[in-house]
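Here is a quick tour for anyone meeting this structure for the first time. Have a look at the model, then read on.

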Amino acid sequence: MIESLRIRSLGVIDEAELPLGGIQDAELPLGPGYTVVTGETGAGKTMVVTALGLLTGRRADAGMVRRGADRAVVEATVLDDAASPALVEAVESGAELDEDGEKSVLYLSRTVSSEGRGRAHAGGRSVPVSTLGRIGEKLVAVHGQSDQLRLRGAAEQRAALDAFGGAELAAALGEYQDVFSRLRAASAELQDIQERGRERALEAETLQSALEEIDRVEPQPGEDEELATRAQRLAHVEELREGATLAHAALAGDEVGESTDAVTLVDVAKRALEAVDADDPALAEQTARLREVGYILADVAVELAGYAESLDADGPAELAAVEERRADLAGLQRRFAPTIDEVLAWAETARERLAGLQDDPARLEALTEQVRQLEALLLEKANALHALRAAAASTLAGRVDEELHALAMPQARLKIDVAPSEPAAHGADEITFLLAPHPGADPRPLGKGASGGELSRVMLALEVVLAEVDPVPTFVFDEVDSGVGGEAAVEIGRRLARLARHVQVVVVTHLPQVAAFADRHLNVTKTAHGEGQSGFTTSDVVTLDTEGRITELARMLAGQADSEAARAHAKELLEDGAREARQRS
């Protein structure tokens with residue numbers, strides 16, 4: 001949930017007669033539970049909602065920046081489990097999290113310049129605004145007079161209904177999706193065989209020809225490198241023989257008498273030292289080293305003699321055979337892969353592919369039967385899923401209707417239509433939430449045929465019912481109480497407080513009955529600077545203590561903060577709200 005929200009220089013500076021205030025620099029200590037935002041008309045209460053909208057990727061423009069400021073900045077601190085959807089999305093987008101005890105902390109910010117340019121940051125990293133949008137949709141749900149963001153799309157409504165349906169519906173959906181996935185794979189393979197029969201036959205012929213060519217040559221692993229080494233040796237056999245013979249003669253020549261070969265000279269040196277090293281132990285080490293050198297030279301001489309003998313006289317004939325073999329291998333390398341090892345790997349893959357292509361007739365028959373069986377099974381699973389969704393829709397609609405009755409919409413009815421549709425990954429149902437706001441009205445999709453206030457209350461009723469199964473961490477309601485008062489306003493307050501048992505709730509309201517149920521009360525106050533067209537208004541946000549809440553509720557009740565009657569009524573409202581809170585806990 002949102003731990004804190006910081007807003008600076010956000011607001012529209014109106015040069016008309018009634019300027020709108022902007023949030024200049026306020027630290028909002030949002031926490032779990034129910035936070036209410038109140039203030040006089042034009043004070044800028046909805047700037048709190050606007051700020052949250054910016055943090056969730058909403059469109060921004062230069063008009064949001066307070067006049068005289070170079071930029072508007074909105075920052076939020078999010079505190080939640082690292083495994084929460086919003087934080088997982090943030091980490092996947094490159095954000096870094098801080099730790100606060102057992103919780104993880106995510107910092108979000110959005111900057112809008114007076115020229116209209118903007119920047120977004122998540123977890124200390126610069127990110128596209130669309131990334132804030134993806135994080136925000138898992139973090140905040142905004143319900144305003146003209147902006148109902150949650151549960152408006154078909155996918156969101158289907159997901160909400162499925163979540164409400166519980167474990168049995170989730171299991172049925174999982175079974176359906178498993179069959180659907182298998183059917184899609186089998187159908188794709190069947191279609192591939194049917195539509196690409198000629199291409200597959202040509203591919204099989206090509207692979208067969210290629211494999212026959214490879215099999216004719218019979219390449220061996222590493223053979224190309226081995227033959228390259230042999231060819232290099234055979235091409236220079238005379239030079240190699242001459243060099244080995246001369247080296248052998250230099251090491252161990254056969255001359256008799258004054259021999260100058262290395263082995264003999266080293267032996268002479270060794271014998272000279274052996275004759276005297278007993279008189280000086282310092283020479284003993286050198287004698288040993290000469291003895292070792294003599295052994296090494298003798299071994300090298302023997303190996304050189306053997307090497308020279310191995311260079312047979314028919315080198316040219318063998319070289320021709322090696323080059324012919326290399327030419328055969330080079331042909332394979334030009335066609336299939338750079339090295340013989342890769343040619344062999346390609347051949348292995350080609351054999352597997354060829355086996356599958358040659359099995360087409362039998363595979364075609366088997367796939368046709370498999371698809372038929374899976375289609376029948378999918379229909380069975382779809383019908384079971386449809387029945388569970390229809391039952392869940394009826395129950396959900398009934399519970400929402402009960403909430404609507406208490407929210408001053410006693411004749412409103414929510415209908416959740418579960419209509420058959422073409423099978424898809426989510427099922428074979430089209431889910432539509434419909435509202436009939438009064439008797440005789442045809443049910444219409446949410447957002448059509450209902451006022452902003454009515455739609456806000458419908459969304460509140462839905463969120464209260466869905467809160468235990470499908471919540472987002474933070475809900476924002478902007479004047480959800482529009483057009484109601486009295487007992488209905490009290491019921492709205494109660495339901496907002498009930499919703500706040502599960503999630504964080506932020507409400508902008510003008511009704512004291514709604515504000516009285518809040519756990520935290522933020523007051524937006526405006527201050528005028530200057531006069532006339534050169535003047536402007538700014539707003540500050542303060543957290544009210546108990547006395548401050550009484551004063552603000554009295555103002556909301558009677559327009560007079562110092563009215564004793566209004567203050568007494570305000571105290572009564574706060575006591576009722578506190579009593580309800582104790583009962584809920």
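This is a predicted model: local features need pLDDT of at least 70, side-chain atom pairs count only at pLDDT 80 or more; totals for chains, interfaces and linings use all residues.

**The cavity**

Searching the whole structure turns up one cavity of 30 Å³ or more. The volume of the largest cavity comes to about 50 Å³. Who sits around it? Ile 2, Leu 52, Leu 55, Thr 56, Ala 76, Val 78, Leu 108, Leu 139 and Val 140 make up the lining. At least two lining residues come from helix H1 (46-55), and at least two from strand E4 (71-80).

| Helix pair | Angle | Axes |
|---|---|---|
| H5 (residues 197-217) and H11 (residues 340-358) | about 140° | 9 Å apart |
| H8 (residues 262-274) and H9 (residues 284-310) | roughly 160° | within 9 Å |

Take H8 and H9, whose axes cross at roughly 160°. That angle makes H8 roughly antiparallel to H9. The crossing of H8 past H9 is left-handed. On the H8 side, the contact is made by Ala 262, Val 263, Val 266, Ala 269, Lys 270, Leu 273 and Glu 274. Facing them in H9 are Gln 286, Thr 287, Leu 290, Arg 291, Val 293, Gly 294, Leu 297 and Ala 298. Sorted by class, the contact of H8 with H9 holds nine nonpolar, three polar and three charged residues.

Then there are H5 and H11, packed at an angle of about 140°. These two helices are therefore oblique to each other. H5 also goes past H11 in a left-handed crossing. Among the H5 residues that meet H11 are Arg 200, Glu 203, Leu 207, Leu 211 and Asp 215. The H11 residues in this contact include Val 343, Trp 346, Arg 351, Arg 353 and Leu 357. As for class, the contact of H5 with H11 has 11 nonpolar, three polar and five charged residues.

Notes:
Residues are numbered from 1 along each chain as its sequence is written. Side-chain values use heavy atoms; hydrogens and water are left out. Axes are lines fitted to C-alpha atoms, for helices over the stretch in contact, and angles run from 0 to 180 degrees between N-to-C directions. Helices (H or I, at least four residues) and strands (E, at least two) are DSSP runs, numbered from the N terminus. Angles under 35 degrees count as roughly parallel, over 145 as roughly antiparallel, 65 to 115 as roughly perpendicular and the rest as oblique. A crossing is left-handed if the near helix is turned anticlockwise from the far one by less than a right angle, and right-handed if clockwise. Contact means heavy atoms within 4.5 Å. Ala, Val, Leu, Ile, Met, Phe, Trp, Tyr, Cys and Pro count as nonpolar, Asp, Glu, Lys and Arg as charged, and the others, Gly among them, as polar. On a 1 Å grid over the protein atoms alone, a cavity is a set of points where a 1.4 Å probe fits but cannot get out, and a pocket is an open set with protein on both sides within 12 Å along at least five of seven lines; lining residues have an atom within 4 Å of a point. Grid points are joined across faces, edges and corners, and a volume is the space filled by probe spheres set on the points.
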